[in-house]
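Subject: Structure handover

Hello,

Here is the structure I promised to pass on. Please look it over first, then read my notes below.

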Amino acid sequence: MTTASTGPLRLGTRKSLMATTQSQLVADEVTRLTGHAVELVGVTTQGDVSKALLAQIGGTGVFVNALRDKILSGEVDFAVHSLKDLPTSATPGIALAATPVRDDPRDALCGPAKLADLPRGARIGTGSPRRVAQLRALRPDLEIVPIRGNADTRLRKVADGELDAVVLAHAGLRRIGRLDAVAEVFEPDQMLPAPGQGSLALECHADRADLLALLGTVDDPATRRTVTAERTVLAVLEAGCSAPVGTYAAEVDERLHLTAAVVAYDGSRQVRLSASGHPDAAEQIGRDLAHRLLAQGADQLMGERD
Ligand SMILES: NCc1[nH]cc(CCC(=O)O)c1CC(=O)O
C-alpha cells in the first residue's frame, strides 16, 4: 500500500476549475524540479455529487477527507489543497509534505466600485463570518447576503445584478484567471485574511519517505513559517474555518510579524493584536498572540452570532 510505484506520480484532485488549476501548477513545478512525471487523477467526492449533502455534512472537510482517503488507500500519491481549507489538527497517516511559495493572501472586492464608493445599502455576498464581521466594521450600512458555491458562481451573481459585489480571495481569482473582476484589494488593516489564505498545501502518506523528500523540493520555508504562525493562532483559539478570526504574518528583515483579530459578528467590537519575533519561533509567536487575544476577551466575541 505504501510502496513507491514506478509510473508517473498520481496527484488526486477535485475536478473544479480552481482545484485542477492549482493541482496542475504544482504538478508542473514538481516535474520541473525533480524530473518526475505527474498525472492528475480526478476524484469525485460526496460534496461534488450533492449540494444538499454538502450542507448537511459540512463545508470543505468533505473534499479534504475524500482526497486523504485516496492517499491512505494508495490510490493516489499526493494531493494539493488550499491550506485555509485544512483543519488545524493533525490527521493520522497524513503528512504535510510542502507549502509552496505563497500567493497573495489578501481578500478582494469584486464589483463595480471600491468599498467606500458603493451606494448605501449595497448588497454584498459572502458566506464567511470573518468577512461578514470585517465588512460590517468597515461599512455598517451594507446588506450582507450569505452565499455559497465556487468563485465563478459567485461572480455570476454580480454580473446578473443579483448582488452588487462579492468578496473573494485574490489568490483564487488569480488561479481561475478572473482578476479582471477585482475592484479593490483589501489591505490587512482593513480586512485580515483567513489563516493560511493564498497558500497551497501538499499532502501525502506519512510513511512515504521517498515522496516526502521529492515533494519537499517545492516547499518554501518562509511560507511554512508564516502560515504556521497564522494557523497556530487559529488552533489555540480552537476556532474552525468559519470563525471570525483573521490573521496576517509576513517576514521582513528576518523578523516574523504577525497580526491577528477576532471580530464580533456584527462588526461592533474587535480584539486586534500584533507581535513579532525570530522566524524560527513562528509557532510560539502564534501561540502567545492567541493567549493574549483570549486574555482580552476574544473567546466571548467568537461565541456571538446575530
Ligand atoms: N473555502 C473556499 C476557498 N478555499 C480557498 C480559496 C481561495 C484560494 C486560497 O485562499 O488559497 C477559496 C475561495 C475564496 O475564499 O475566495
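What does the accessible surface of the chain come to, and what share belongs to carbon and sulfur atoms? The surface is about 13,700 Å², and carbon and sulfur atoms hold 50% of it. Areas come from the Shrake-Rupley method with a 1.4 Å probe; for residues, only the protein chains shown count as cover.

Some ground rules. This is a predicted model, where local features need pLDDT of at least 70, side-chain atom pairs count only at pLDDT 80 or more, and totals for chains, interfaces and linings use all residues. Residues are numbered from 1 along each chain as its sequence is written, and side-chain values use heavy atoms, leaving out hydrogens and water.

Overall form:
The chain holds eleven helices and 13 strands (DSSP runs numbered from the N terminus: helices H or I, at least four residues; strands E, at least two). Its radius of gyration is 19 Å, close to the 19 Å from the globule rule for 306 residues, so the chain is as compact as a globular protein of that length (taken over C-alpha atoms; the rule is 2.2 Å times the number of residues to the power 0.38). The C-alpha trace spans about 60 × 45 × 35 Å along its principal axes. Of the 306 residues, 48% are buried (under 20% relative accessible area, 1.4 Å probe, protein chains only).

Domains:
An automatic or database assignment sets the bounds. Domain 1 covers 9-100 + 199-219, domain 2 covers 107-185 and domain 3 covers 230-301. The C-alpha centres of domains 1 and 2 lie 28 Å apart. Eleven residues of domain 1 contact eight of domain 2 (heavy atoms within 4.5 Å).

Best wishes

How values were computed:
Buried < 20%, exposed > 50% of the residue type's maximum accessible area, 1.4 Å probe, protein only.
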